[in-house]
Amino acid sequence: GMGMGMMGGGPMGGMPFGTPAAGGVPGAPGMTFGRRNVRLPPEVNRILYVRNLPYKISADELYDVFGKYGSIRQIRRGNGPETKGTCFVVYDDIYDAKNAMDHLSGFNVAGRYLVLLYYNPQKMQQKVDARAKREEIDKLKRRYGID
């Protein structure tokens, strides 16, 4: 697993009031702001993998777009030929990541439609493995002149 410790570091999405809900014990499960009781699908992750970004987009612009949905721990942009136009956006809060996913999939930035995926270490690894296998097979085919 990716160590999803939900330690509340800092304000929770800047909620306007500091007092717990009436009768609620501070920090008790279930008293949190409505949305917290939503059960998240297992693939939901604080890390979003974003594809199809305009190459010219600046880090500030990325923070503008993704920061609307919650506080961001970091954004890592791809800069190699394989990873250009992609980035990882890491939110402090998994619910903010889900919110961004819901709103920004297909979002148009400079004429390109963003593709958002939840980061999935297993899937990513499988993809890399599959690609390596394909290349291996292609090499063999070429070597043996098979189509």
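Reader: What pattern does the protein chain follow, read along the sequence?

Author: Helices (H or I, at least four residues) and strands (E, at least two) are DSSP runs, numbered from the N terminus. Here the pattern is β-α-β-β-α-β-β-β-α, and the secondary structure comes to three helices and six strands. This is a predicted model, in which local features need pLDDT of at least 70 and side-chain atom pairs count only at pLDDT 80 or more, while totals for chains, interfaces and linings use all residues. Residues are numbered from 1 along each chain as its sequence is written, and side-chain values use heavy atoms, with hydrogens and water left out.

Reader: Which order do the strands of the open sheet have?

Author: Two strands pair if DSSP finds at least two bridges between them. The open sheet has four strands in the order β2-β3-β1-β6, with antiparallel pairing. β2 and β6 are the edge strands, each pairing on one side only. From one strand to the next, the twist averages 20 degrees. Within the sheet, β1 and β3 run antiparallel and are joined by four bridges; Val 50 has Cys 87 in β3 as its bridge partner.

Reader: Which strands does α1 lie across?

Author: Axes are lines fitted to C-alpha atoms, for helices over the stretch in contact, and angles run from 0 to 180 degrees between N-to-C directions. Contact means heavy atoms within 4.5 Å. α1 lies across β1, β2, β3 and β6, and runs at about 135 degrees to β2. α2 also packs on the sheet, where it touches β1, β3 and β6, and its direction makes about 150 degrees with that of β6.

Reader: Which residues of the largest nonpolar core touch the most other members?

Author: In soluble globular proteins, nonpolar side chains tend to be buried together. A nonpolar core is a set of buried Ala, Val, Leu, Ile, Met, Phe, Trp, Tyr and Cys residues joined through side-chain atoms within 4.5 Å; buried means under 20% relative accessible area, exposed over 50%, partly exposed in between (1.4 Å probe, protein chains only). In this core of 24 residues, they are Leu 48, Val 50, Phe 66, Val 89, Tyr 91 and Leu 116. Elements giving two or more residues include β1 (47–51), α1 (59–67) and α2 (94–104). The largest share, six residues, comes from α2.

Reader: What does Phe 66 touch?

Author: Leaving aside residues up to four places away in sequence, Phe 66 touches Val 50, Ile 72, Val 89, Tyr 91, Leu 104, Leu 114 and Leu 116.
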